[in-house]
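Me: I want to go through some salt bridges and the labels on their residues. Please show the structure.

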Amino acid sequence: MFATEKFTDPEAAYARVLEIYEHNTAILRDAFRKFSANEALEQRVRACYPFVRITTEKATHTDTRQSFGFVAGPGAYETTITRPALFHNYLLSQFKLVLQNHQVPLEVGVSDMPIPVHFAFPEGIHVEGSLDPDHLRSLPDLFDLPDLAAMDDRIANGTYEADNGAWRDGVHPLALFTGPRIDYSLHRLRHYTATSPDQFQRYVLFTNYAFYVDEFVRLGRGLMEATDDPAERAYRQQYTAFVEPGNVTTYSANQEGGRAPSSTGVAPARQPQMPAYHLQRADGTGITLVNIGVGPSNAKTVTDHVAVLRPHGWLMLGHCAGLSASQRMGDYVLAHAYVRDDHVLDDDLPLWVPIPALAEVQLALQDAVAGITRLEGYELKRIMRTGTVASVDDRNWELRDHRTPLLRFSQSRAIALDMESATVAANGFRFRVPYGTLLCVSDKPLHGEIKLPGMANSFYEQRVKQHLQIGIRALELLRNNGIEQVHSRKLRSFAEPAFR
């Protein structure tokens, strides 16, 4: 039904992608409803993702300050696309850049990559939940099911280069993620965070303590309330809603034609594994906070899935063990390097790959600490230290023979230890998402100051609010500086996909 067509207008190209996707997913949804209602299907039902392709016969000399929006050299570059309505602004911006930089049309058509029937229901459906055993057995005979072979991270990892530099059939990748890979993560995000993917904002905070969630909820709900202070009102007006698990949404009373804060949605009966909260802006550039819990496995899981939303940046805010005798409880650590003893990414990102600090993010974090604490220069050094953070996969590392970890920490110049920061940063590097880490010293086990309930409660009360304010301020600074500044060329490989 849909012949491949060429477009020089990004809006027209997007409209065709949307048309193909909506038509093909509707076919699957209608067929599945008939199947589940015991209506006979005459034959196997298959519908495929739309694709976008660019073909260029010459190298293009682009603005060397750019870090994305162009292909590496002559050839054909292609990607499959899903959920175009969710990625409307992102797709339009990528289409515009490619068209501007290469002056060749975008080709849009129907790919040969099937859409799994599960993924035809964007808002999530337990396809098998209402089916009897006979229907379950016949499901694979009539529909395409999720295929893990189509969802791996070969493009992001760069391992597709083993196939003579081509992703498949002589075609190079145009984007980091295929349609099925994105669909998989969108459904996983809903499962883990109990909020819809379309609630997520483009700037993300990760934390490992519920205390930060409590403060973020207090702050988010407060920003939705009306105020008579002109300066405070101007600040609050930039945020339009605050969303909690279950898509419980509180709308701002500070918008034009203001109204009393109102809420929609239903809180989940049980707290999700990694609850997410969203301080939203109308353009999607607000701030999302995710409580990832403890450990590198959780950190990898959530960043694997958030990455497909193509955020403009993410930061890790959490607590750490201070390793230096000169540190004090409550001091901040701005990570400029990482010791990766977390191990969960060793197969995807070899340990010999350095994880560089990103100057734009480091400056934003430093300026945020200075702005919130009102300290400068030498006085700022009294509460914040820049150095190496070691991330481990053993929460009880203190119980090992101290000689081995002490030697490693000393040789690496590590000044702080946690279980998530290196994982979050490494996955940011792997997925080309700008990243940073600001930790707060909550204990000093090497120096006899271990974390005990009474000490912890007092410490948390004193530092959590300020630490969260610093993280929010840093993301707002990055947003105000513009995405052209934050998307660093340091994250781009030799043969990089054009889409950011």
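Reply: R181 is buried, and so is D153. Buried means under 20% relative accessible area, exposed over 50%, partly exposed in between (1.4 Å probe, protein chains only). This is a predicted model: local features need pLDDT of at least 70, side-chain atom pairs count only at pLDDT 80 or more, and totals for chains, interfaces and linings use all residues. Residues are numbered from 1 along each chain as its sequence is written, and side-chain values use heavy atoms, without hydrogens and water.

Me: Why is the contact between R181 and D153 called a salt bridge?

Reply: The term needs a side-chain nitrogen of Lys or Arg within 4 Å of a carboxyl oxygen of Asp or Glu. Here N to O is 2.8 Å, so the pair qualifies. The pair links distant parts of the chain, 28 residues apart. R181 is in helix 5 (residues 179-193), D153 in the loop between helix 3 (133-142) and helix 4 (154-157). Helices are DSSP runs (H or I, at least four residues), numbered from the N terminus.

Me: What makes E215 buried or exposed?

Reply: E215 has 14% relative accessibility, under the 20% limit, so it counts as buried. Its salt-bridge partner is R218, at 2.6 Å, N to O. R218 has 45%, so it counts as partly exposed.

Me: How do you know that R328 and D331 form a salt bridge?

Reply: Their closest N and O atoms are 3.7 Å apart. That is within 4 Å, so the term applies. D331, at 8% relative accessibility, counts as buried.

Note on methods: Helices (H or I, at least four residues) and strands (E, at least two) are DSSP runs, numbered from the N terminus.
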